[in-house]
Amino acid sequence: MSHANLSRRNFLGMGAMAGAAISAPLRLSAAALKMPATRKPPPIKLGLASYTFRNFTRSQMIGCMQQLDVSALNAKDVKDHLPIDPMQEKQAIADYTAAGINLHAAGAIYFPKAEDDDIRAKFEYCRRAGIAVIVAGDPTPDNLPRLEKFVEEYDIRIAIHNHGPEDPLWASPLDILKFVKNTDPRIGCCIDVGHTERAGVDVVEAIHKAGPRLFNVHMKDLADLNVKESQVAVGNGKMPVRAIFEALIAIEYRDFVDLEYEIHADDPMPGVISSFAYMRGLLAGLG
């Protein structure tokens, strides 16, 4: 069977691509692309950041996830992915449940107000969806004690997201760790690997330093580790993806690595397919 006739599901499920270049022409049979039934589960769980499909409706995104054979979603209140309105959110949760999709995290969620009512509304939003991790975009150090009260009340973890050198507070995970080291252990970080490298911090070192305070990873790749706009499909850039996975395995990371593919917003599937194939190939080898 030619490559053109291979199904996307078989393409995405492959383990035979470990160590192979994604850009190389494929000359594999459909049987060769299937994950062997006896293979151990991958050592790292992969998910999707819904921001990848920000120009697509929830229904369209669910269809794409089913093609990708991805069932773990880091949802954001963008388009109609996970509306903050309770009734609309209820319908979204029902749609995801029917499709077998697990809402494991939400974000980025922002906390610009040091007000209990505003914070509680966002924790309630996540509690209704059964979400275990809030990826927080902008909590200030002064607001952390207030957030900590809600973490304790709701038993929902907060993962502060670093946004690179443009962010005056949280450029890298190391900035986050300075402020959360003495807080409730359910307050930690979401490492965005691209923003971390652009901040001049070794992402592998940051993973080891975060250790048990690491609750989420946003995966992307860059052709130039200093340039935000140079994003490419995972495996086509300079991000040390294999070393990142090895570091996560070393710290016994149990949460998700979520693909956040921020380019080609109107047609992300080719890059998303390539990214998951590359990551699954690497993990098959590491497994």
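These are my notebook entries on one predicted protein model.

**Ground rules.** I number residues from 1 along each chain as its sequence is written. Since this is a predicted model, local features need pLDDT of at least 70 and side-chain atom pairs count only at pLDDT 80 or more, while totals for chains, interfaces and linings use all residues; side-chain values use heavy atoms, with hydrogens and water left out.

**Entry 1: the whole chain.** I started with confidence, given as pLDDT (the predictor's confidence in each residue, from 0 to 100). The protein chain averages 89, and 86% of the residues score at least 70. I made a note of residues 1–36, where the pLDDT is below 50.

Next I looked up secondary structure, taken from DSSP runs numbered from the N terminus (helices are H or I, at least four residues; strands are E, at least two). I found 11 helices and 10 strands in the protein chain.

Then I checked burial (buried is under 20% relative accessible area, exposed over 50%, partly exposed in between, with a 1.4 Å probe and protein chains only). Buried residues make up 53% of the 287 residues.

I also looked at contacts (heavy atoms within 4.5 Å). Among those between residues at least 6 apart in sequence, 73% join residues at least 24 apart.

I listed the buried residues of H5: Asp 118, Ile 119, Lys 122, Phe 123, Tyr 125 and Cys 126. They lie on the same side of H5, because they cover an arc of only 150° around the axis. The arc is that of the directions from the helix axis to the C-beta atoms.

Just after H5, Gly 130 takes a positive phi of about 70°.

**Entry 2: helix H3.** I repeated the burial check on H3 (residues 58–68), where the buried residues are Arg 58, Met 61, Ile 62, Cys 64, Met 65 and Leu 68. Their arc of only 160° around the axis puts them on the same side of H3. Just after H3, Asp 69 has a positive phi of about 60°.

**Entry 3: the core.** A nonpolar core here is a set of buried Ala, Val, Leu, Ile, Met, Phe, Trp, Tyr and Cys residues joined through side-chain atoms within 4.5 Å. Which members of the largest core touch the most others? Of its 77 residues, they are Leu 82, Phe 123, Phe 245 and Leu 248. Helix H11 (residues 269–286) gives the largest share of this core, eight residues.

**Entry 4: cysteines.** I searched the whole structure for disulfides (pairs of cysteine sulfur atoms within 2.5 Å) and found zero. For Cys 189, the nearest cysteine sulfur is that of Cys 190, 7.8 Å away. Cys 189 is buried, with a relative accessible area of 0%, and Cys 190 is buried at 0% too.

**Entry 5: Asp 155.** Leaving aside neighbours within four places in sequence, Asp 155 is in contact with Phe 150 and Arg 186.
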